[in-house]
Every structure is written in C-alpha cells, then in structure tokens.
2 protein chains.
Amino acid sequence: MHDNEIFVPEGYRILDVEGVRQLITELPIAGALGGSKDSWRIEEVGDGNLNLVFLVRGTTGGFAVKQALPYVRLVGESWPLPLSRAHFEHSALVHQAEFASGLVPSVQHYDATLSLMIMELLEPHIIMRHGMIAGTIYPRFADDISSFMARTLFNTSPFAMSGHEFKSLVAHFAGNSAMCKITEDVIFTEPYMPCENNRWTRPWLDGWAETIRQDDDLKRAVTRLKRKFMGSTEAMIHGDLHTGSVMLTAEDTRIIDPEFAFMGPMGFDVGAIIANLLLNYFSQIGHERNIGERNDYREWILLTVEKVWTLFRSRFLELWQEKGSGDAYTARIFGDDNHAAALNQEREAWMDHVFVNMMGFAAAKMIRRIVGIAHNIDLESIEDSRIRATAEARALQLARDLMVNSNAYPDIAAITTTARRVNETIPELTG
Amino acid sequence: MHDNEIFVPEGYRILDVEGVRQLITELPIAGALGGSKDSWRIEEVGDGNLNLVFLVRGTTGGFAVKQALPYVRLVGESWPLPLSRAHFEHSALVHQAEFASGLVPSVQHYDATLSLMIMELLEPHIIMRHGMIAGTIYPRFADDISSFMARTLFNTSPFAMSGHEFKSLVAHFAGNSAMCKITEDVIFTEPYMPCENNRWTRPWLDGWAETIRQDDDLKRAVTRLKRKFMGSTEAMIHGDLHTGSVMLTAEDTRIIDPEFAFMGPMGFDVGAIIANLLLNYFSQIGHERNIGERNDYREWILLTVEKVWTLFRSRFLELWQEKGSGDAYTARIFGDDNHAAALNQEREAWMDHVFVNMMGFAAAKMIRRIVGIAHNIDLESIEDSRIRATAEARALQLARDLMVNSNAYPDIAAITTTARRVNETIPELTG
C-alpha cells in the first residue's frame, strides 16, 4: 500500500517551532496572540500517528497548528502518505462548520503549500478518551455528538442536497482515497488474516485472535462491511470519529481531525463513536481501584450509548422534516398529506438501515482495536495484561455477535443490555 | 431542472452535413472512406432525443458521427444540457472497449471542442427494438449482452480494481450529474406524481395512472430505488441500456450511446435490458397479424430474459474467480482453501443483491415508459389504442408487483412465469 509517489508542492517544507513562529508573524491573525513574537510559547505536541501539531500561546490568545507530513509520522518515510489529506481535512472542516457551527474548532488560516492549518486553541478541553479513563462524566457529550452527526450527515446527503451538489462532494472527496485505503486495510482486512501489523495481548488472547482468523461468518460479514465502506456514498462522513477525535469540557464539545473525511456510509461515523464508548466501558475494570468503584460510571457510558443513537435518530428525522428538500426521498411524490405517513415510514426505514450498518461498523472498530495494528489507550493503559485481556475478550465477544447476528439487536437497548451481560462473563483466555 | 448555465467551449459550433465533410477531410481517418470527399454520402439521421448523428459513407468505408448539442434536441434551447456528456460518453466507450472489445463500436476520432465523436459505421446492424417489433430472433444477443454487462461491470468494480483506481472513476463520472438528474427525474420521480411531462394511453389507462399516483407502497419502493441510484457506487454502468442502445445482426452485437454512464448500481443496467425485453414481450399482441402468430417469438423473448440473467450471473462469477484481485471482497482474508467456500457464498450473495436491485430497476423502467415522458416504439407503434393499453396495463401489473413484492421472486424463472401469466389476463381499462 506504500507504492504511491507522493506529490510535494514547490515551497513545502517541514516546520519546526521557529518556523511556526515566523509563519504566524507574517499573518494578520498574529495580533490575536498578543505580546511580541518572542514571547509566544510554542510546543510541538503531535501525539497522533500522522502529523505535526504545534500549540501556540500568546498573552491574549492561542492557536493549534497542524501540518501534514508526506509520510506516516509513526512509521517514517518508508510509509508515504499524501499531503493532500490536509486539503480534505480543511474542506471537511469548512463543511462541518457550516452545518454544525460551534462543534468544530474554527479555522484561522489554511496554507495549501505547507499542507498546514491554523485553528483556534481549544482550552481547557481534553481528549475525551483520557477523560473517560479518568472516569469523567460529560453531561453535554451525547447531545453534542448526536447533533454533530445529525447535522453534518443530513446536510451533506441527497436528502438535503440536489443531485448536482451531492455529486460535487462525491467527486471532491473521492480524491481522499489514500486515507480510505488505510481504513480499508487496517480495519476491514488485516485483523481477519495473518498479518505482521497485527498485535494483541499475548498470550491471553492468542486463542481469540486465532478464532477470528478462522471465523468464516465473521469474514463474510466484514467483507460486506468493507464493500459498503468503499461503495456507499450516503453523506460526507468524518471517517475517524472515535473518542480521540473529541475534545471537550463539561460545557463544550468539539470534533477534530476529519482528515479521513469522504463520502461514505452514515453508519460508519455513528458506529465509530459507539464502538469507542463500548471499548471504554469494558476497559473500566482496569481503571477502578476497588471492584465496583466505577459502576455508576459504567452505567453513564451505557446511557450515553443509548442517548447517542436515540438523539441522533430523532434529530436526523427532525432535520429531514424541516429541510428535506434534496433530490433523494423526494417529498413531492408523496404530495399532499394523504401520503405523508408513507414518507415518514420510509424515512424511519432509512434510520433502521443506518442502525444496522452502525452495528457492523461498530463491531469492526472494536475488533481492530484489539487484534489489529492500532490499539487505544483505554485498554493499552491497563498494566495487568490478564485484566486487560479480560476486558478485551469481552469486547471481542460483543463485537463478534454484533457483526454476525445483527438481526438479534432490534434496538440500541439490546446492545447495551448485551454489553452489561457480557461484562459479567469470565472469558476463556490462553495460558 | 433547466437552470444550469451550459459551458460552451471556444470553437464549438454545430455542424451540418458540409461541416462534417470538411472536418473529416482534415483527419487522417479520411482515407478509410475511399473516393473523393465530394463522393461521400452524408446524411443526418439523429432520431434520438439529444444529439446530432450523421452517417458518412464512402466507397470503401463509413463512419457514424455523433455531436452533442448544448440542449435537448427533442425540446430545443429551452432545455439546456451540458456538452460534457460527450466527454463522459467517450471515456465510457474507451473503458467498455478495454473490457468488452468487439461489443461496442470502435472510436475513430474524438473532438473535445466540438463535443463530437466519430465511430465505425455499424452495417447492416439495426436497432434491436425495431428488430424485435418485426419478430426477429437474435441468436447471439443473450450471450453478447450478458458478456458485455459482466465484463464492464466487474472490471470497473472494486472487486477488480484497487480502491484508488475505483475512486478515480468515481470522481470522474460524478461530473456527469446532469445526465443522472434526467434519470432521477423522469424515471424515479415524475411518473409517481402529477406532472405535465407525463402521458399515457388515454382514456384506457387513466385508472392505472391514477392508481400509480396513489400507491404508497410503490412510492416508498421507488424512493428507495432512487436513493440507490444516487448513492450506490458499485461499478461504471452504461446508464441507458435499453434495446434502443443495442445495434445488432444475427452474428454481431454492439452496445452504443453510453452518455448516461456513471458509477452506479449494477442492477440498473441489467434491469434496463430485462425491462425492455419484457415491454416488447407484452407489446407482441399489437404486432401479430393473427392471434398466436407470435407465440414462439414470445417464448424466445422470455427465454432470452432468463438467459440474460443466468449468463450474466455465471460470467460475473467466472470473472471474479479469475480476476478477483481488487480491494473489495479481499480474497486473501479467506486465505487457504479451507475458507474458499465462504468467499464463494459471499460472492453468490452479492449476485442475489444485484438480482433484487435488478427487479426494482426493471420495474421502474417499465412504469416510466408507460406513464412517464418518454415512451418506446414497441408499444407506441401499436395503432389500436385499446390493444396498446391492454399490453401496457399488463406490463404495469407485472412491474408494480416486481417493485413492491420483490421477495416473491426468488429467481428469474419466477419473473418469466409471472409475465406469461399476466399476459393471459384481461386488464381493467377506463372508458
């Protein structure tokens, strides 16, 4: 997957702290920082896998500066990755800001040559994943994330757009294929076959990893999901909507990092967020000092899972009612009020379709975080490998069932009920 | 739908017979015609709705010349239509020739400025629709059309292509949105609502047309189909694959006119051809001089319907077996032979998915030809309006059931069996 020649525009250079300082000095936005340029505190904090991230603080304001590198930061130049992802991230942010203003960081400056974006500094926001490991309740989260998803997905779908506008987005984001390819490989392919990228908590999960690689029903299900991911142009999706792409406080929620954005299946975004809530739910056994200490928090997570889906569903339907003037699901063929009930039934059937896809994608997201290349800190930070493996095996058990037996889950409560039950089981471990 | 400004390139001009003569004189291909330029016989024969078509005959060869107009020919300048459709038609033909060589006309010259393409002259081929009205049997047709569809659809799908190649096609053909919009309007929208474009055989079908406009189940079904048409990027489809897009003899079959090509659902092409075979089947009552005279021909049509599907299905699966190295349905996750059966099952499930979509799209194609804007000559040429309405009502009866009760049709034989039964009914007519 690394054989593409990366286009590097004339004038592109990798910035360091002083380079960022100089760049900002030359921009009109510099005034917002306050003080002299030498007083600005700038640090490189990129803890992600792909990019450089600088935090810039002046006396009166701050910025976050994100620059794409022509390779995967985590791996180095041996794994090239197009700089164009900064272009797609920027255009996704612009669309998201249009439809879900206040739920994304504001863009202050975009430099196409440097593949660099300057955004408002989100403070005192923290990455949600870290807050959940600490057991922090976020009272606005379910509301905000469901609004974000309903607004961005509805408004970039042909339920809101003309066919022509919609296909313009399809054409544009089809260019982000290198980022899609990463998802196709690491989420929908590698975990289901022997692959040197894969890792898991050894030796405890050896049996589970082997079972996954031998499971024909699971292979068939993930094959269907991968094709849906590749060929369902439903709406502009964030494409990487896990709890590491959420920065928040008790009062404010922002969705960051849409560099994987493309025109894909709505259920992928909803599934991503629900998968990561569930992974954190199972991880709580590794974060409580005394057994049961986090029981209330566990219930808050499951309640959040339920609210994310039910609020997303109802808000999407509300938007549809208000603004359903796009070329798909043409309201005018249902004409007068005599036929309105039929249109509403069909819209609800669409939400059922998204729900089924959501389950499959959530399952794929959970599995890949446990036996694939990229794990998450919710589970990785559990030091006792046997406890970690117990949490992981429970997540795998739920995920496998969600993907293969999705018919057994008619509603979101069926998922949280099963999660609660699975969390009481003692999974079989190797060794 | 007519409010787009049409881009007309500098240098574009509408050609007449002498303009075509002059153009060819300046091209290296002129030699193939033989004789002096003044001896070439050139006639404008465009009987389609959209374009100019010239046939050019010299002493040793001939060409067909097709030029797009910046409006719908049938309607005039009040209905503008992008010239870019010639660009998409050309690129679709190039792809089709790559994968289904010998089944499309060869392109001799393409002039982007003039939106003009020069192709080989197909002689003595005739438009299949006309041959079927005359009761002509085409022994190669089922073989050829199923090969054409299997090869073009498989090879432009992510079953054969990398995600990157596939998304390049998605980006390219998303530009053909104006042509998609025509289909969205005239096939999936207007027939189901009061619309001045609609017409039907009056008064006989007044009741049928009204029933369609009141049928909530049908409205729901066509709403789902329209969204699939707009948001299923499965493969490069021809987009207008009716029997008027087939020119053939007993020995040779060519598929023409892919100006509606885009990345859409495979079932749309298969459904189009089957719908048009079935429409002709029901029309035979209007073409036989004595009752029963065309019974053998009717059976040939139904046999052809069955062969088109079964051959398409088996050839698609054969291609998949041989060349299934694309990024979707990744064979390598099924690894060794232990899992090959699971992969094959999943591929067969894909064909079932195409079959279900095919039924819905075939039904939509049949309905629109009877109560929508554009009718076809198979039925329109029946002079006795009551007999025509009888044939049309039978087609509507089958189509309505195919679209709404597709579960009742497990295989292609269920469709032909029902067609035969419906063809024996005496439909209720108005007046």
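Of the 246 residues in the largest nonpolar core, Phe316(A) and Phe316(B) touch the most other members. Such a core is a set of buried Ala, Val, Leu, Ile, Met, Phe, Trp, Tyr and Cys residues joined through side-chain atoms within 4.5 Å. The model is predicted, with local features requiring pLDDT of at least 70 and side-chain atom pairs pLDDT 80 or more, while totals for chains, interfaces and linings use all residues; side-chain values use heavy atoms, without hydrogens and water. Residues are numbered from 1 along each chain as its sequence is written, and chains are lettered from A in the order in which they are written.

- Setting aside residues up to four places away in sequence, Phe316(B) touches Ala150(B), Leu153(B), Phe154(B), Phe159(B), Met266(B), Trp350(B) and Met351(B); contact means heavy atoms within 4.5 Å.

**Helix packing in chain B**
- Helix 6 (residues 177–186) and helix 8 (residues 216–231) of chain B have axes that come within 11 Å and cross at roughly 175°.
- Helix 6 of chain B is therefore roughly antiparallel to helix 8 of chain B, a term for angles over 145 degrees.
- Cys180(B), Thr183(B) and Glu184(B) in helix 6 meet Lys226(B), Phe229(B) and Met230(B) in helix 8.
- The residues of this contact comprise three nonpolar, one polar and two charged.
- Axes are lines fitted to C-alpha atoms, for helices over the stretch in contact, and angles run from 0 to 180 degrees between N-to-C directions.
- Helices (H or I, at least four residues) and strands (E, at least two) are DSSP runs, numbered from the N terminus.

**Thr330(A) and chain B**
- Thr330(A) sits in the loop between helix 10 (295–323) and helix 11 (340–371) of chain A.
- Thr330(A) counts as buried because its relative accessibility is 5%; buried means under 20% relative accessible area, exposed over 50% and partly exposed in between (1.4 Å probe, protein chains only).
- Beyond its neighbours within four places in sequence, Thr330(A) is in contact with Thr189(B) and Lys226(B).
- The side chains of Thr330(A) and Lys226(B) make a polar contact (2.6 Å).
- A polar contact is a pair of N or O atoms within 3.5 Å; within protein, one must be able to donate a hydrogen and the other to accept it, and residues adjacent in sequence count only if both atoms are side-chain atoms.

**Backbone geometry**
- A cis peptide bond, with omega about -5°, joins Arg202(A) and Pro203(A).
- Ser115(B), not a glycine, has a positive phi of about 50°, and counts as buried at 4% relative accessibility.

Conventions:
Parallel < 35°, antiparallel > 145°, perpendicular 65-115°, else oblique. Nonpolar A, V, L, I, M, F, W, Y, C, P; charged D, E, K, R; others polar.
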